[in-house]
Amino acid sequence: MDKDNDLIWIEKNKKVVKDFRIFKACEVTSSAPDGRVNTFVQLDSPHWVNIVCVVKNESREDSFLMVRQFRHGSNSITTEFPAGLVDKGEDPENAAKRELLEETGYSAEKFILIGEANPDPAFMNNTSYTYFAVNPVKSKAQSLDEDELIDVKTVSIKEFESKMGTGEFINAITILAYTWYKRYVFIP
């Protein structure tokens, strides 16, 4: 007998309540092992990608290639790693290549998956994949989506570390991507 059987709820029914384009709000009815039945909220969302890209700034310091943009959820400007949704049927690595190129105009020699996590398993069903872009080069102009207004900037790694979690550097997925990056660069 599986030791987790007493914890697993079994989905009986799932109903889309509202389609919000970037996610669907669903009501999921599930039953517990003890027979209880309840309805829960689930956000059915596409997977996400984040791209950590290290370049040299004007002072020749290692710096992150980042994007500044207005975020409607926090009603503020944030500075983040390039990121975006994985299109239906798209491989996450290809989404990372596409998003980096669209948002920054940079491409890279290769992309290495350095981490993945569920942003909030309490009510979300997607995965956020973080890629490291190896040997990035500026290869074309930005090609933004219709509703995107993005400034590209370099932020020294030291500056990012000192500002992380404050001001414009509050995006939790960017902070998580940074932890994947730190683990990646320190793995022997």
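Predicted model: local features only at pLDDT ≥ 70, side-chain atom pairs only at ≥ 80, totals over all residues.
I started with burial: 37% of the 188 residues in the chain are buried.

**Entry 1, the overall picture.** I looked up the secondary structure and got three helices and twelve strands. Along its principal axes, the C-alpha trace spans about 65 × 40 × 30 Å. Among contacts with a separation of 6 or more, 56% are between residues 24 or more positions apart.

Next I went to the start of the chain. Three strands make an open sheet there, in the order 1-2-3, with antiparallel pairing. Which strands are at the edges? They are strand 1 (10-19) and strand 3 (37-44), and each pairs on one side only. I looked up the turn too: neighbouring strands of this sheet are turned by 25° against each other on average, direction ignored. Strand 2 (residues 24-31) and strand 3 run antiparallel and are joined by eight bridges. I picked out one spot to look at in the viewer: V28 stands opposite F40 in strand 3.

I searched the whole structure for aromatic pairs and eleven came up. The rings of F20 and F23 are tilted, because their planes are at 35°, with the centres 5.2 Å apart. F20 has a relative accessible area of 42%, so F20 is partly exposed. F23 is partly exposed as well, at 25%.

Then I took F64 and F160. Their ring centres are 5.5 Å apart and the planes are at 85°, so I noted this pair as edge-to-face. Where do the two residues come from? F64 is in strand 5 (residues 62-71) and F160 is in helix 2 (residues 157-163), 96 residues apart, so this pair links distant parts of the chain. Buried or exposed? F64 has 0% relative accessibility, so F64 counts as buried. F160 is also at 0% and counts as buried.

Back at F20, I spotted a charge. The charged end of K18 sits over the F20 ring, 5.7 Å from the ring centre.

The largest nonpolar core here has 16 residues, and V52, F64, M66, F81, F132, F160 and Y181 touch the most other members. Which elements give two or more residues to this core? I wrote down strand 4 (48-56), strand 5, strand 10 (128-134), helix 2 and helix 3 (172-186). Helix 3 gives the most, with four residues. There is a second, separate core of 15 residues, and C53, A95, A96 and A108 are among them.

I zoomed in on M66 from the largest core. Leaving aside neighbours within four places in sequence, M66 is in contact with T79, E80, F81, P82, D151, V152, K153, V155, F160, F169 and T174.

Most residues other than glycine have a negative phi. I went looking for exceptions and noted two. R60 has a phi near 65°, a positive value in a residue other than glycine. R60 lies in the loop between strand 4 and strand 5. Its relative accessible area is 59%, so I put R60 down as exposed. N75 has a phi near 55°, again a positive value in a residue other than glycine. N75 lies in the loop between strand 5 and strand 6 (76-80). With a relative accessible area of 58%, N75 is exposed.

Last stop. D62 is in strand 5 and is partly exposed, with a relative accessible area of 41%. What does D62 touch, not counting residues up to four places away in sequence? I listed V54, V55, K56, S156 and I157. I also checked D62 against V155, which is 93 residues away along the chain. The C-alpha atoms of D62 and V155 are separated by 8.6 Å.

Terms used: Residues numbered from 1 in each chain as written. Heavy atoms only, no water. Phe/Tyr/Trp six-rings, centres within 6.5 Å; stacked < 30°, edge-to-face > 60°. Buried < 20%, exposed > 50% of the residue type's maximum accessible area, 1.4 Å probe, protein only. Lys NZ or Arg CZ within 6 Å of the ring centre and 35° of its normal. Pairing = 2+ DSSP bridges. Axes fitted to C-alpha atoms, helices over the stretch in contact; angles between N-to-C directions. Core = buried A, V, L, I, M, F, W, Y, C linked by side-chain atoms within 4.5 Å. Contact = heavy atoms within 4.5 Å.
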